[in-house]
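Please look over the sequence and the model shown here before reading on.

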Amino acid sequence: MFGENLLDGYVMRGVFQAQPDKLRREELLAWTMRWFAGHAMRLSVHRVDAGHSITVEPLLPPLPATDPVYRDLRSWLSVQKSEAIPVHRRLGADIDVKLSNRKGTVSLVLTSALALDALTDRAVQLVNGVYKDFLYQPGRLTWVAGAFQIDPDSMVFF
Amino acid sequence: MDMDHDKKPETDSLAGVSTGRRNFLRLSGTAIGAVATAGVGTPVFAQAATQMEIPSLQLAEAFKQSLAEPVTDPSFEGAGMTGAEVFAQLCKKENLAALFCCPGNYTVINALAEVGIPAFGGRTEGSMCAMADGFSRATGEVVATSGTEGPGFTHMIMNIAAANAARTPLLVLASNMTLAGEDREAFIQHAYQQPTTEGMRKYGKRLINPSRVHEYGATAFRHLKSGVPQPVHLDFPAEVARARFKSSSDLIDYYDKEHYRTESRAYPAPTDMKAVIKLLNTAERPLVIAGQGVFQRKGWDALLRAAEKADLGVVTSGPSRGFFADDHRLSLAAAPDALLSADLVVFIGQYCMPSPNEYRVPAGVKTVRVHPEQDDLGRNWPLDLGIVSDETYFLEELAQNLPARKRETWVSEIAKAKAAFQQRNDDLYKQGLDNSARSTFLHPAVIARDFQNFIDTHPEGRLAIATGFGGWTSGLFAGRFLRAYRPGQEIVPPYQYGAIGPDAAMMMGVSCAVQNGVGPQAGYEGAPTMCITSDAGISYSLMELDTARKYGWPTIITVYNNNAWGTFPQAANTPRASHMYLFQENIRYDQMAQQLGARGEVVRTPEEYRAALDRAYKAGRDEKVSTLINCLALKEFTASKDYPPGVSVPIQPGVSAFSH
């Protein structure tokens, strides 16, 4: 089936565990993934006029839209499109990125006409950046420990 | 070794007066009266006591005389050699770098001292074990530690485990009463030692047959000096240590190290070299993660040559830092943003492998790993190419065969990432200064930045001063600011095991190595070492200031004193639990240090701290006196609520990492 092995490369490299998930309305592909700190996420693919959209949800543990961390996440995301980010990592004009928050459930949606495997790689690297850059910003440790329910002295993200 | 013991700390900076030799034990009139009333003393005794001054902080003549005693070379002639002497002679031939111990296991430690192994005795077995570990982390040398039978040995356990996590070549020695008393609980101190160190050593053996003492000594060094090092634990029952041998024929496998172990190490296969060079040639942003193996195998020159030849980015990992200078244009140690750009990662000598999401690299990045032992390749982190090789041999081959190449875009990105990280640290420092001014207490970002700034701007200190950091809040801030520019300049005391407390003792071990110019510390003799620790941490190591003083190992200890365990926010939602996280407030660690022969200062402003560092350095350099700087702080600096930003998740690999 088209796109069935889309995530296999990451699984084989130990990035996360993933298994195909039951498709919901209008979804083309879907997986459940266990990634950072065992956090469960769902990655789904939709076909859209422009090409494809990829949704990752929930991106983080419950995070109210009013929380300053959510505000910081929005700004971090906007920086990913700026010249502060090296061109090979920058989110170009060919990718539309949206962050949404529904009662604390944070979703990341990337839409593009790029080939699906290329778009998937951008999505995976963006989530990787959220966990390896955004969550490492100064002062974030106490929030991370609380949100992921992990002791501060066992701060592991595998 | 300069044993300048006659000079005493002169300044009590707290009082601002010169105290010279202190006489801290004076019986007051009230106390004497109490003694007399109780009928314990006599008027004669009381009068003598009032007139008597007991000079404290003096080194006994016997101590100085002992250090001046000549080395002996035991032989089978005459009374013959004891098992302990046979073992000591083997240790001498193996160039065992030092022994850090507390008395106990007497026959063995005495024999080691007699044959000329640099031997040091201290106050607690745990801290002496940590000193041995620190000494090795700063030099790469094999060291020994020893304690008395059961109690001393079990006191060492935390630090044996820390050494194991750090892959330190640590020889753990402990006596184990007698074989005759086994299973009878005869008298005291029995312990089943070998099961206790299971899981925290590479090899362990309780010696049973006296005639095999040399054989097992050889086995110990074969493990310590081959492959990936880890602690080795030998325990000596009295029947083995005290056995007498009149002839080498009484001993099994009594032959030299050239015959019981080999210096031969794996060379990279030509096909593997071809494959890794092909991968490197096609990479735009290659990253070498140089682990402890590169330090252990002294591969830093080859690493530098290979990196500079083809503009390879480099970040180091492990418990020793500086073998690739943090300020080198190709170093990513303080350029974490660039780590996320690597398109090829080459691990070399990474003894403790992380899982892929523990390191700040792109998801699924192509990975090569070079390791001296085949059986660890592929553990934790899936590989595109695994190469069995000695680290230095691999790097020499790489430096020779890798085509020269300029990667200007990559180098430029590293420079920008460095500048960005520096800017974030500058911002953090400004916030720290604001928090310090607002609270009138010292913020850990200020301590960490001013600590490193003192070294960076010091006319002698930039390369000379070896450093380390520990504590929770203090360590999390310190890691971001501390830098290392030459091999062994910085050690990471909490590395991988996360022990809070052995840090100051480890730094005394580093100071011993520096003062004696051991390995990469040669040329920096005389410079004090400096460390940052916490009030929680110093309680484990404080008494060893006595040891540092008596042997002349100047160690400048900055204590971040926030009156609490740094993890106190864990009790934020359970008020009835918070008392367990709190200490008495404003404990005067500086005064305790003074009573142990060190200098002590208490500070609460950045200006006071900087001035204290300056005085401490001079005292350390000129008088070999340690200083404890008690920095008054607030526990609320840990969390972001009142004093942002609070603590950060440590980035790894890089300057702030203390795992893997």
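## Basis of the report

The coordinates are those of a predicted model, and the values below are computed from it.

## A helix pair in chain B

Two packed helices are described by the angle between their axes and the distance between the axes. In chain B, helix α6 (residues 125-139) and helix α22 (residues 503-515) have axes that come within 6 Å and cross at roughly 50°. Because of that angle, α6(B) is oblique to α22(B), and the crossing of α6(B) and α22(B) is right-handed.

On the α6(B) side, the contact is made by S127(B), A130(B), M131(B), D133(B), G134(B), F135(B), R137(B), A138(B) and T139(B), while α22(B) contributes A505(B), M506(B), M508(B), G509(B), V510(B), C512(B) and A513(B). Taken by type, the residues of the contact of α6(B) with α22(B) are ten nonpolar, four polar and two charged.

In soluble globular proteins, nonpolar side chains tend to be buried together. The largest nonpolar core of this model holds 112 residues, and the members that touch the most other members are L59(A), L60(A) and L108(A). Helix α3 (residues 116-132) of chain A gives the most to this core, supplying eight residues.

When neighbours within four places in sequence are left aside, L59(A) is in contact with H39(A), M41(A), L73(A), L99(A), V106(A), L108(A), V127(A), V130(A) and Y131(A). A second, separate core has 55 residues, including L59(B), M128(B), M131(B) and I157(B); M131(B) also belongs to the contact of α6(B) with α22(B).

L126(A) lies in helix α3 of chain A, and L126(A) counts as buried because its relative accessibility is 6%, where the limit for burial is under 20%. Beyond residues up to four places away in sequence, L126(A) touches W76(A), L77(A), Q80(A), L91(A), V97(A), L108(A) and L110(A). L126(A) and D94(A) are 32 residues apart in sequence, and their C-alpha atoms are 15 Å apart in space.

## Buried residues in loops of chain B

R486(B) sits in the loop between α21 (473-481) and β18 (490-491) of chain B, and R486(B) is buried, with a relative accessible area of 5%. Not counting residues up to four places away in sequence, R486(B) touches R321(B), G322(B), F323(B), L463(B), A464(B), A466(B), P520(B), Q521(B) and Y524(B). One of these, R321(B), is 165 residues from R486(B) in sequence, yet the two are 7.9 Å apart in space, C-alpha to C-alpha.

D376(B) is placed in the loop between β15 (367-371) and β16 (385-388) of chain B, and D376(B) is buried, with a relative accessible area of 13%. Its contacts, leaving aside neighbours within four places in sequence, are with Y351(B), M353(B), R369(B) and H371(B).

G104(B) is found in the loop between β4 (99-101) and α5 (106-114) of chain B, and at 0% relative accessibility G104(B) counts as buried. With neighbours within four places in sequence left aside, G104(B) is in contact with I109(B), S146(B), G147(B) and T148(B). G104(B) and G150(B) are 46 residues apart in sequence and 9.8 Å apart in space, C-alpha to C-alpha.

How values were computed:
Residues are numbered from 1 along each chain as its sequence is written. Chains are lettered from A and ligands numbered from 1 in the order in which they are written. This is a predicted model: local features need pLDDT of at least 70, side-chain atom pairs count only at pLDDT 80 or more; totals for chains, interfaces and linings use all residues. Side-chain values use heavy atoms; hydrogens and water are left out. Axes are lines fitted to C-alpha atoms, for helices over the stretch in contact, and angles run from 0 to 180 degrees between N-to-C directions. Helices (H or I, at least four residues) and strands (E, at least two) are DSSP runs, numbered from the N terminus. Angles under 35 degrees count as roughly parallel, over 145 as roughly antiparallel, 65 to 115 as roughly perpendicular and the rest as oblique. A crossing is left-handed if the near helix is turned anticlockwise from the far one by less than a right angle, and right-handed if clockwise. Contact means heavy atoms within 4.5 Å. Ala, Val, Leu, Ile, Met, Phe, Trp, Tyr, Cys and Pro count as nonpolar, Asp, Glu, Lys and Arg as charged, and the others, Gly among them, as polar. A nonpolar core is a set of buried Ala, Val, Leu, Ile, Met, Phe, Trp, Tyr and Cys residues joined through side-chain atoms within 4.5 Å. Buried means under 20% relative accessible area, exposed over 50%, partly exposed in between (1.4 Å probe, protein chains only).
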